[in-house]
Structures are given as C-alpha cells and as structure tokens.
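The following note sets out points for a colleague who is meeting this structure for the first time.

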Amino acid sequence: MIYSRIAGTGSYLPEKVLTNKDLETMMDTDDAWIRERTGIKRRHIAADGETTSDLALAATSRALEMAELDADDIDLIVVGTTTPDKVFPSTACIIQRRLGISGCAAFDVQAACSGFVYGLDVADRYIRTGAAKHALVIGAETLSRITNWEDRTTAVLFGDGAGAVILQATDEPGIISTHIHADGKYEDLLEVPQGISNGYDVLRAQEAYIQMNGNAVFRRAVATLDSIARETLEKNNVDKHDLDWFVPHQANLRIISAAARKLDMPMERVIVTVDEHANTSSASIPLALDTAVRDGRIKRGELLLFEAFGAGFTWGSALLRF
Ligand code: UT7
C-alpha cells in the first residue's frame, strides 16, 4: 500500500503587525472586546504589492528545506486560497513558475477556510494512487485585501499568512484519513458577493469585501466541528484520548475551546495561534502546524487531528501520524 506523510512544514507571515490597539485608532472597537469575544491580540498584514504567491513561496521554501528536497522533486502543487494573485492563471501555476519548475499538475482549490484540508485530501489521494510522489500543499491568503476596514464586525477578525507542507509517498501512514464536506445552502451567511460572472463592477465596491453573520456562523461551526471529529475518529476506530494534538482552524478561541472540550482535550494539547495571527482562512492550519513543529511541541510519530470549517459552508478533517 502507498500512503502519504508530511515530510516538511513551512510558514510565512508578512512583516507588518496590526494590534488590537492599532485597530482602536481606526474604528469603534476595543482591545478587551476583541480578546474576550475572539481571543485575537494581533494579526499580520501584507505590504502594498505583496501577494498571496509571495507569502506562499516563502512558506514553501521553508517546507522544502525541512523535507530536505528540491523544488524539482515536486510533482503536484495544490493551493488552497480565496485570495488568488489573479483571476487566472491559478496561484498554483504562478508558484510553479516562481519555483523554476514546469510540467507537474498545479491547481487551486477554493474551499475558503477549509482550503488546506481540501488540498490535503486531494494530494493524499494522488499519492495513494501513485500519481504523485511529492506533493506541495499550500494554504495562503491575503485576506486584508477583501476586508472592509470600515466594518468592525469583520475587520478585527482576519489576517494574512501562508503555510505549506510537502507530502511524500511512503509505505505506512502518515495521513490515516481525510474527510471533506460541503453544504452550499449557507452561502448568504458568509460570503464576498462581488465576483466575475455575476458582473464585476467597481461601483459595487462594498460587495468586494467579506460579509458575515457572525452569530449564525459561530453556532454552525461549533456543531459541525463536533460531528466531523466524531466521524473521523469512528471511521478509524480511534479513541479521542489517543490523540496527541488537536490542530484546528483558527477562527475564534471560543470555537476552538468548544471543539477541544468535546474532544476532552486539555488546552495544552491544542495548537492555538489565533491570538497572534487572527483568522488566516486556508493558511491557519498549516501555520499552526508549522509553529508547533518548529517550537518542538509536535514530534514525529504523534497522532494529530486537523479540523476546518469555512464559507460554503465547507468543512473537513484529517487524522494523521506526523
Ligand atoms: O473562518 C470562517 C468561520 N468564521 C467564524 O468562525 C467566525 C464565527 N463568528 C464569530 O467568531 C463571532 O460570532 C464574532 C467574533 C464574529 C462575534 O462575536 P459574538 O459574541 O457573536 O458577538 P455579536 O456579533 O453578537 O456582537 C455582540 C455585540 C454587538 O453589539 P450589540 O448589538 O449587542 O449592542 C456588536 O455590535 O458586540 C458588538 N461588536 C463589537 N464591539 C466592539 C461587534 N463587533 C465589534 C467590535 N468591537 N469589533
């Protein structure tokens, strides 16, 4: 049997940091409200002209270095992003060119905050079928470009960043299972209404920003993360107490804590970066993973659970041995 394993992780955050105090000078909000309701203290913001592929490329070179591989070894590129550099070509193709390679399949996956887990699911299947040996899977976002800085209900929540992993073919898991789902009827609760085929119009500028019914998304996220955790553990006959680390999507500390409680996991076994990075959508899980791998918390051989939830709604999970 062929499986895939994570051979290397990498991440990158833009230099500029925007704290809650900075936001107080920009809108009617306060540090205490943001911390209490979300757990967020600060977020990173891409510089003018800094693109999603810039962030992704920096994360990729760190992941390649950890995996002790060269760009030439990559034979599949999957990028989870909702903030591509261009309408087309895909950010994956742009990254391929910038890595100096050509020929391998390269495409973006648009699953909002679940983009990385969706990408992992796809790449794992390529590797299991023998279609690829080394897959680059990225979650990368410049959400600041689609944030309405005049809307305090959303502006305080998001940040920019990128995370990447190199998946490698191996003869034992690695990735044990991935689970991805969607339910398109919740479109109105979390969206950027401005698009292309529905009539791109600069006069509808307000529609080019994230719009969210926070309360409704919150309730749905908590319930859905509970069900995806149960599905994943039951499928593999794994007891929740056997998990070493929970690496959730980083949207809100209250959502993360609720999911951890249901898993009976102490917060010391949960990777939390939302305080430092805010919600970076598809980048949040690989960013959290890389942070904990590099600071020595997550070690080789440990059992990890990833969980994501985002616009669509989309949601997904991965159970893996690191
Ligand atoms: O990654 C994709 C998934 N996204 C998520 O998972 C996000 C899910 N939602 C959430 O995280 C939370 O719903 C929010 C953090 C967005 C909001 O927290 P909440 O506890 O649901 O607050 P709320 O929306 O019920 O607002 C409570 C109050 C309101 O005032 P009134 O109407 O009670 O007077 C808001 O106007 O807080 C007010 N408020 C703020 N106050 C200060 C809303 N935003 C702010 C703000 N600063 N930035």
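This is a predicted model: local features need pLDDT of at least 70, side-chain atom pairs count only at pLDDT 80 or more; totals for chains, interfaces and linings use all residues.

**Note on the ligand site**

1. The shell around the ligand takes at least three residues from each of two domains, domain 1 (3-171) and domain 2 (177-321).

2. Of the elements, α7 contributes the most to the shell, namely 4 residues.

3. There are 22 residues around the ligand, and those that come nearest are T29, R37, N215, N252 and N279. By residue class, the shell comprises 11 nonpolar, 8 polar and 3 charged residues.

4. R37, already listed among the residues that come nearest, places a polar side-chain atom 2.8 Å from an oxygen atom of the ligand. The side chain of R254 has an N or O atom 3.3 Å from an oxygen atom of the ligand. At R152, by contrast, the polar atom belongs to the backbone, and a nitrogen atom of the ligand lies 2.9 Å from it.

5. How much of the ligand's exposed area does the protein bury? The ligand taken alone exposes 960 Å², of which the protein buries 74%.

Note on methods:
Residues are numbered from 1 along each chain as its sequence is written. Side-chain values use heavy atoms; hydrogens and water are left out. A residue is near a molecule or strand if one of its heavy atoms lies within 4 Å of it. A polar contact is a pair of N or O atoms within 3.5 Å; within protein, one must be able to donate a hydrogen and the other to accept it, and residues adjacent in sequence count only if both atoms are side-chain atoms. Accessible areas come from the Shrake-Rupley method with a 1.4 Å probe; for residues, only the protein chains shown count as cover. Helices (H or I, at least four residues) and strands (E, at least two) are DSSP runs, numbered from the N terminus. Ala, Val, Leu, Ile, Met, Phe, Trp, Tyr, Cys and Pro count as nonpolar, Asp, Glu, Lys and Arg as charged, and the others, Gly among them, as polar. Domain bounds come from an automatic or database domain assignment.
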